Amino acid sequence: RVHCVLNFRNSFFAGEFTESLVQALYLCPIIQGLSFSNDAVADGNVHALGGSELLPFLARAIPSSVTHLTFDNVLSNNAALSLAHILKSVYEEGGDEETVGGRTVKGSIHALAIT
């Protein structure tokens, strides 16, 4: 079985990025992992946090075929907090059925890495 992962490195996430990505993931169930990463910056200023507040909402909207998520040096403090709240909501309440197109993502995430 093939396991494909999409990696977004040093990227900005704005506009309709999340909606377009979710649509593509539903059309391509062979994609089982998503990785978002930024290179470390010498002065400690993460230059590519643009749109990182949108990324946590992927955890609620991705199809059940995506089982692995990695956020490496890409989430702002607010985005990390949002992700924690969203994951808690998804796993405790079963998620928002309308948001995920009638398919629940509860239990579909097998691995989550945040650095």
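**Aromatic pairs, sheet and core**

A search of the whole structure finds six aromatic pairs. Rings of Phe, Tyr and Trp (its six-membered ring) pair if their centres lie within 6.5 Å; planes under 30 degrees apart count as stacked, over 60 as edge-to-face and the rest as tilted. The model is predicted: local features need pLDDT of at least 70, side-chain atom pairs count only at pLDDT 80 or more, and totals for chains, interfaces and linings use all residues. Residues are numbered from 1 along each chain as its sequence is written, and side-chain values use heavy atoms, with hydrogens and water left out.

Start with F13 and F36. Their rings are edge-to-face, 5.5 Å centre to centre with 85° between the planes. F13 sits in the loop between β1 (4–9) and α1, while F36 is in strand β2, so the pair links parts of the chain 23 residues apart. Helices (H or I, at least four residues) and strands (E, at least two) are DSSP runs, numbered from the N terminus.F13 is buried at 1% relative accessibility, and F36 is buried at 0%. Buried means under 20% relative accessible area, exposed over 50%, partly exposed in between (1.4 Å probe, protein chains only).

F36 has another ring partner, F71. Their centres are 5.6 Å apart and their planes stand at 10°, so this pair is stacked. F36 belongs to strand β2 and F71 to strand β3, so the pair ties together parts that are 35 residues apart in sequence. F71 is buried too, at 1% relative accessibility. A single aromatic cluster takes in F8, F13, F17, F36 and F71.

Now the sheet. It is open, has four strands in the order β1-β2-β3-β4, and its pairing is parallel. β1 and β4 are the edge strands, each pairing on one side only. On average, neighbouring strands are turned by 10° against each other, direction ignored. Axes are lines fitted to C-alpha atoms, for helices over the stretch in contact, and angles run from 0 to 180 degrees between N-to-C directions. Two strands pair if DSSP finds at least two bridges between them. β2 and β3 pair in the parallel sense over five bridges. Within β3, T70 is the bridge partner of S35. Four bridges join β3 to β4 (residues 111–114), and these strands also run parallel. There, L69 has L112 in β4 as its bridge partner.

β3 shows two faces. α1 lies across β1 and β2, running at about 155° to β2.

What lies in the core? The largest nonpolar core has 25 residues, of which L21, L34, F36, L55, I62, L69 and F71 touch the most other members. At least two residues each come from α1 (17–27), β2 (31–37), α2, β3 (68–72) and α3 (77–93). α3 gives the most, with five residues. Such a core is a set of buried Ala, Val, Leu, Ile, Met, Phe, Trp, Tyr and Cys residues joined through side-chain atoms within 4.5 Å. Beyond its neighbours within four places in sequence, L55 is in contact (heavy atoms within 4.5 Å) with F13, F17, F36, F71, V74 and L75.

R60 is buried, with a relative accessible area of 15%. Its side chain makes a polar contact with the side chain of S89, at 2.7 Å. A polar contact is a pair of N or O atoms within 3.5 Å; within protein, one must be able to donate a hydrogen and the other to accept it, and residues adjacent in sequence count only if both atoms are side-chain atoms.
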